[in-house]
Amino acid sequence: DGVQDGTFQANITLTAGLPAGIGHWDAADPANGWGAWHDGTNAHLVKLLSSTWTEVIDAAATYSAGASIQVIRNGAAFQLWYDGSQVGTTQTISGLPALKQFGAFRPDDTCVVSGVAHQE
């Protein structure tokens, strides 16, 4: 079974110029999913629908090493949080199914991602 709703989070520490964050997808259906990350200046939320990536939120969020990035999904409503503050406004992403794989991403091992968790 897949997971749709809940709070998805990880604590991230970046290396200058390299982003890190979290993503939710389904390996059996890799055409759909979402991702959230911090790039050192902005926090981002993107959606993947029918193999097309689209930026949903791209907004300034003061970087803090080890701070938590979170996505709260309730059906089609998505919120992006960084270091305890909501980034941007609640966005609607229609058409995403329940997804099976959730995890962290980082471009190399110099970025640290810890505390990866999902809570329904």
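**Figure 1. The hairpin of β6 and β7 in the predicted model.** Strands β6 and β7 form a hairpin with two residues between them, and G75 in the turn has a positive phi of about 65°. This is a predicted model, in which local features need pLDDT of at least 70 and side-chain atom pairs count only at pLDDT 80 or more, while totals for chains, interfaces and linings use all residues. Residues are numbered from 1 along each chain as its sequence is written, and side-chain values use heavy atoms, with hydrogens and water left out. Strands are DSSP runs of E with at least two residues, numbered from the N terminus, and two strands pair if DSSP finds at least two bridges between them. Strand β7 covers residues 77-82 and runs antiparallel to β6, to which six bridges join it; in β7, A77 is the bridge partner of N74, and Y82 stands opposite I69.

**Figure 2. Strand β6 and its sheet.** An open sheet of five strands has the order β8-β7-β6-β1-β10, with antiparallel pairing. Strands β8 (85-92) and β10 (112-119) stand at the edges with a single partner strand each, so one side of each is left without a neighbour in the sheet. From one strand to the next the twist averages 15°, based on axes that are lines fitted to C-alpha atoms, with angles that run from 0 to 180 degrees between N-to-C directions. Within this sheet, β1 (residues 6-13) pairs with β6 in the antiparallel sense over seven bridges, and N11 stands opposite S68 in β6. Strand β6 (residues 67-74) is mostly covered, with six of its eight residues buried, where buried means under 20% relative accessible area, exposed over 50% and partly exposed in between, for a 1.4 Å probe and protein chains only.

**Figure 3. The sheet that contains β3.** Five strands form an open sheet in the order β5-β4-β3-β2-β9, and the pairing is antiparallel. The edge strands, each of which pairs on one side only, are β5 (52-60) and β9 (101-105). Neighbouring strands of this sheet are turned against each other by 15° on average, direction ignored. Strand β2 (residues 20-25) runs antiparallel to β9 and is joined to it by five bridges, with H24 opposite F102 in β9. Strands β2 and β3 also pair in the antiparallel sense, over six bridges, and here H24 stands opposite W34 in β3.

Figure 4. All six residues of β3 are buried, so the strand is largely enclosed by the rest of the structure. In a regular strand the side chains alternate between the two faces of the sheet. Six bridges join β3 to β4, and the two strands run antiparallel, with W37 opposite H44 in β4. These strands form a hairpin with three residues between them, and G40 in the turn has a positive phi of about 100°.

**Figure 5. Aromatic pairs.** The structure holds four aromatic pairs, where rings of Phe, Tyr and Trp (its six-membered ring) pair if their centres lie within 6.5 Å, and planes under 30 degrees apart count as stacked, over 60 as edge-to-face and the rest as tilted. The rings of W37 and F105 have their centres 6.0 Å apart and their planes at 70°, so this pair is edge-to-face. The pair links distant parts of the chain, with W37 in strand β3 (residues 33-38) and F105 in strand β9, 68 residues apart. F105 is partly exposed, with a relative accessible area of 31%. Ring pairs also link F8, W34, F78 and F102 into a cluster.

**Figure 6. The largest pocket.** About 160 Å³ of space lies in the largest pocket. A pocket is, on a 1 Å grid over the protein atoms alone, an open set of points where a 1.4 Å probe fits, with protein on both sides within 12 Å along at least five of seven lines, and lining residues have an atom within 4 Å of a point. The volume is the space filled by probe spheres set on the points, which are joined across faces, edges and corners. The pocket is lined by 14 residues, of which G23, W25, W34, G35 and W53 lie nearest its centre. Strand β2 gives the largest share of the lining, four residues. The lining divides into 10 nonpolar, four polar and no charged residues, where Ala, Val, Leu, Ile, Met, Phe, Trp, Tyr, Cys and Pro count as nonpolar, Asp, Glu, Lys and Arg as charged, and the others, Gly among them, as polar.
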